[in-house]
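Biologist: I have a model open and want to learn how to read it. Could you take me through the features one at a time?

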Amino acid sequence: MLSEPGKSKFQIDLRRHLRSQNICDKLVHLICEIAEASKYVINAVRTGDLGVAGTSNLYGEEQLALDVLSDRIMRKRLIHSGVVCNIASEEMDEIYQVTTDSDGLYSVAYDPLDGSSLVDVNLAVGTIVSIFKGDNLLQEGRKQVAAMYILYGPRVSLVYSVGDGVHEFTMNQLMEYNLTRENVRMQRDGNIYSPGGLRNKYNEGDEKFIRYLEAKGCKLRYSGGFVPDINQVLMKGKGLFMYPALNGSPNGKLRLLFELNPMAFLIEHAGGAATNGKTPILDLKPESLDQRAPIYIGCVEDVNRAMEYVDKA
Ligand SMILES: O=P(O)(O)OC[C@H]1O[C@](O)(COP(=O)(O)O)[C@@H](O)[C@@H]1O
Ligand SMILES: [Mg+2]
Ligand SMILES: [Mg+2]
């Protein structure tokens, strides 16, 4: 039977869904503005210059023209949103202060184009966003009021949580985001694994953990893009992503503010877990914008098992 027009869940757009979430209008507006910005980012990804920008970011990594352009798209949109006081980005050296009056406003940390080095080989990439109330960006991830990512793959999807479930939207031919999955939930145990970092730089505990996962029959699923790799774990509902401490890189590679906190928020709200091996990612108190941390994120039982192995190392 055909569903009544406007009643089908496939016709629920992002704004309408956000309005049903019992959050303030400014936060609805902010998330919709980020969704708008993503339309320009996907356009840049599809047709933009694939070359280098000739500059480097605060991690000393060479920036691509697409990193710089995506960052500018996001920043401009946030500045003009009227609801943001502070902005931090993986591609900016310091916090951009939009206004000193933070009353009723939000602060946003984002990775404008995660996995940008995969665009030239036409693999999926994404934008990751973390939102706090007020002006403080150096808070525990548990204090985020919202987190989201946009995945630029064969389809464009947007996944968000404001602390009440995790919801997926897919971009249609009119570039509108429509609800495709509501209240995404993860199982307790997984059957895929996504391990980042050079394995010959793994410590003994992580090496043993990988062997445990392989013996358990987990399939390797690693694209090198954090957004598609996490999206697979989340949407299949069964799996684990890890980027551990490496020999010579005790904090791994991924960034707490721009990558780990928002993903940990989403995965926890879908019933999964995320740890650095000892402490839940969302309980880490950031000390600097560029802080990194090892991560094990996904199904609760896999994450708990990782902690047993890592502790033994
Ligand atoms: O190349 P590696 O060491 O596997 O690292 C892959 C990780 O690095 C990243 O590309 C880092 O993100 P950026 O592209 O934003 O620098 C993640 O997307 C991914 O999970
Ligand atoms: Mg990144
Ligand atoms: Mg990036």
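**Reading the model**

Modeller: Start with a loop: N183 sits in the one between strand 10 (177–181) and strand 11 (192–195). Helices (H or I, at least four residues) and strands (E, at least two) are DSSP runs, numbered from the N terminus. This is a predicted model: local features need pLDDT of at least 70, side-chain atom pairs count only at pLDDT 80 or more, and totals for chains, interfaces and linings use all residues. Residues are numbered from 1 along each chain as its sequence is written, while chains are lettered from A and ligands numbered from 1 in the order in which they are written.

Biologist: What is the phi of N183 near?

Modeller: Phi of N183 is near 50°, a positive value in a residue other than glycine. N22 also has a positive phi, about 60°, and is not a glycine. N22 lies in the loop between helix 1 (14–19) and helix 2 (25–47).

Biologist: Does N22 count as buried or exposed? And how does N183 count?

Modeller: Count C-beta atoms, placed from the backbone: a residue is buried if 20 or more others lie within 10 Å of its own, exposed if 12 or fewer, and partly exposed in between. N22 has 8 C-beta neighbours inside 10 Å, so it counts as exposed. N183 has 13 inside 10 Å, so it counts as partly exposed.

Biologist: How many residues of helix 5 are buried?

Modeller: Eight of the eleven residues of helix 5 (residues 226–236) are buried, so the helix is largely enclosed by the rest of the structure. The buried ones are F226, V227, P228, D229, I230, N231, V233 and L234. After helix 5 comes G237, with a positive phi near 80°.

Biologist: How is the chain divided into domains?

Modeller: Domain bounds come from an automatic or database domain assignment. Here that gives domain 1 (9–181) and domain 2 (192–312). Their C-alpha centres lie 22 Å apart. For contact, the C-beta atoms of two residues, placed from the backbone, must lie within 7 Å. By that test, 33 residues of domain 1 are in contact with 27 residues of domain 2. Strand 6 gives the most to the side of domain 1 that touches domain 2, with five residues. That side divides into 19 nonpolar, nine polar and five charged residues. Ala, Val, Leu, Ile, Met, Phe, Trp, Tyr, Cys and Pro count as nonpolar, Asp, Glu, Lys and Arg as charged, and the others, Gly among them, as polar.

Biologist: Which residues touch the most other members of the largest nonpolar core?

Modeller: In soluble globular proteins, nonpolar side chains tend to be buried together. A nonpolar core is a set of buried Ala, Val, Leu, Ile, Met, Phe, Trp, Tyr and Cys residues joined through C-beta atoms within 7 Å. The largest one has 91 residues, and V108, V129, M148, L158, L266, I295 and I297 touch the most other members. Helix 6 (residues 256–269) gives this core its largest share, nine residues. Domain 1 (9–181) and domain 2 (192–312) each supply at least three. Leaving aside neighbours within four places in sequence, L266 is in contact with A147, V159, S161, V166 and L234.

Biologist: Where does ligand 1 lie?

Modeller: Look at its shell: residues whose C-beta atom, placed from the backbone, lies within 6 Å of the ligand. Among those around ligand 1 are E90, D111, D114, F226 and K253. The shell divides into one nonpolar, seven polar and four charged residues. Domain 1 (9–181) and domain 2 (192–312) both give residues to this shell, so ligand 1 lies between them.
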